[in-house]
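Good morning, and thank you for coming.

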Amino acid sequence: MDKARQLIQDADCIVSFSGAGLSAESGIPTFRDAGTDGFWTNYDPQQLATQEGFLADPSLVYRWYSDRRQGIAKVKPNPAHIALAQRTDIINITQNIDDLLHRAGAQQVIHLHGTIKTDKCNSSSCHYTEDVDVNNPPELRRCPMCGDWLRPDVVWFGEMLPMAAWAAAENAIGRCDVLLVIGTSAEVYPAAGLIQMAHSHGARIIIINTEPSAASGLADVELIGKAGEILPDLI
Ligand code: BV8
């Protein structure tokens, strides 16, 4: 912990890169634990979060997101979100589609995989989008512009990441001298490649995770424990 504190103190530009573990203590199940979350036990997120999965059963996939929207609406930011939000100098890159960093007051948040607060038309040639009320999520419905399905404006497996978010993330990673890697198994690409990108230009990597991850080999410091306990103390 002392080495991590020293790296942070000496840093000019700190970036955080987070995954589902950042929101776990708020009560949002991680992808790895998704199977333990009641009704969705028998479903694999890697099957549901795909164009094929959606087209095979649009109402099932849409209901998965409606349940997740209601779950997110019921929870609140945990001490890890709040600690990051209070460090207004930190640029936060997240794989999470929840809005807990925003709700904690974080000013700089880059959502690599979109957010759950918007629906968009599933047709790549139609650009219709619609904000949704996560407290009272709408049902599966058709696009008023073109008649295709509306679906959550998130990045599914096999889909490209939003260009603006990716460019902003690469820019932040290129400038950082400390990267905080928080609550991610670091197995999904190209997002996880940002850790190697930071490491390769000499940034110091501090990992905060309840267990080792695919990024452990890149860590200058690996702090094993809960983000909600470590981050307030660390930053
Ligand atoms: C794409 C949004 C191509 C939806 C998500 C190489 C290069 C490029 C692509 C690939 C590649 N190899 C394979 C691919 C394909 C694929 C991929 O990476 N597959 C994986 C499975 C191997 N990637 C893609 O498909 C990407 N798109 O490549 O497009 C392309 C190119 C050109 C043109 C067209 C297409 C898109 C990937 C994005 C998918 N969408 N989310 C939704 O949420 O519903 S991914 C989703 O899963 C998350 O966003 C996140 O990225 C990932 C889950 O990972 P984590 O967040 O890390 O969560 P996890 O549960 O795994 O781990 C939690 C961690 O927290 C654990 O380590 C645990 O120990 C820790 N923890 C738990 N509690 C705590 C804690 N830590 C601290 N404190 C705690 N309390």
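A nitrogen atom of the ligand lies 2.7 Å from a polar backbone atom of V155; a polar contact here is a pair of N or O atoms within 3.5 Å. The model is predicted, so to speak of local features we need pLDDT of at least 70, while side-chain atom pairs count only at pLDDT 80 or more and totals for chains, interfaces and linings use all residues. Residues are numbered from 1 along each chain as its sequence is written, and side-chain values use heavy atoms, with hydrogens and water left out.

An oxygen atom of the ligand is 2.7 Å from an N or O atom in the side chain of N209, and an oxygen atom of the ligand is 3.2 Å from an N or O atom in the side chain of T210. On its own the ligand has 1,500 Å² of accessible area, of which the protein covers 76%; such areas come from the Shrake-Rupley method with a 1.4 Å probe.

Which residues come nearest to the ligand? Of the 35 around it, they are Y65, V155, G158, S185 and N209, where a residue counts as near if one of its heavy atoms lies within 4 Å. The helix α5 (58-74) gives the most to this shell, with 3 residues; helices are DSSP runs (H or I, at least four residues), strands are E runs of at least two, and both are numbered from the N terminus.

Why does the ligand lie between two domains? Domain 1 (1-26 + 76-113 + 161-235) and domain 2 (29-74 + 116-154) both give residues to the shell, so the ligand lies between them. The domain bounds come from an automatic or database domain assignment.

I turn now to the second largest pocket. A pocket is an open set of points on a 1 Å grid over the protein atoms alone, with protein on both sides within 12 Å along at least five of seven lines; a cavity is a set where a 1.4 Å probe fits but cannot get out, and lining residues have an atom within 4 Å of a point. This pocket is lined by 23 residues, with K120, R151, D153, E159 and M160 nearest its centre. The strand β4 (114-121) gives the most to that lining, with 5 residues.

Finally, L22, S23, H81, T94, N96, D98, L100, L101 and H111 line the largest cavity. Among the elements that give two or more residues to this lining is α7 (100-103).

Notes. A polar contact is a pair of N or O atoms within 3.5 Å; within protein, one must be able to donate a hydrogen and the other to accept it, and residues adjacent in sequence count only if both atoms are side-chain atoms.
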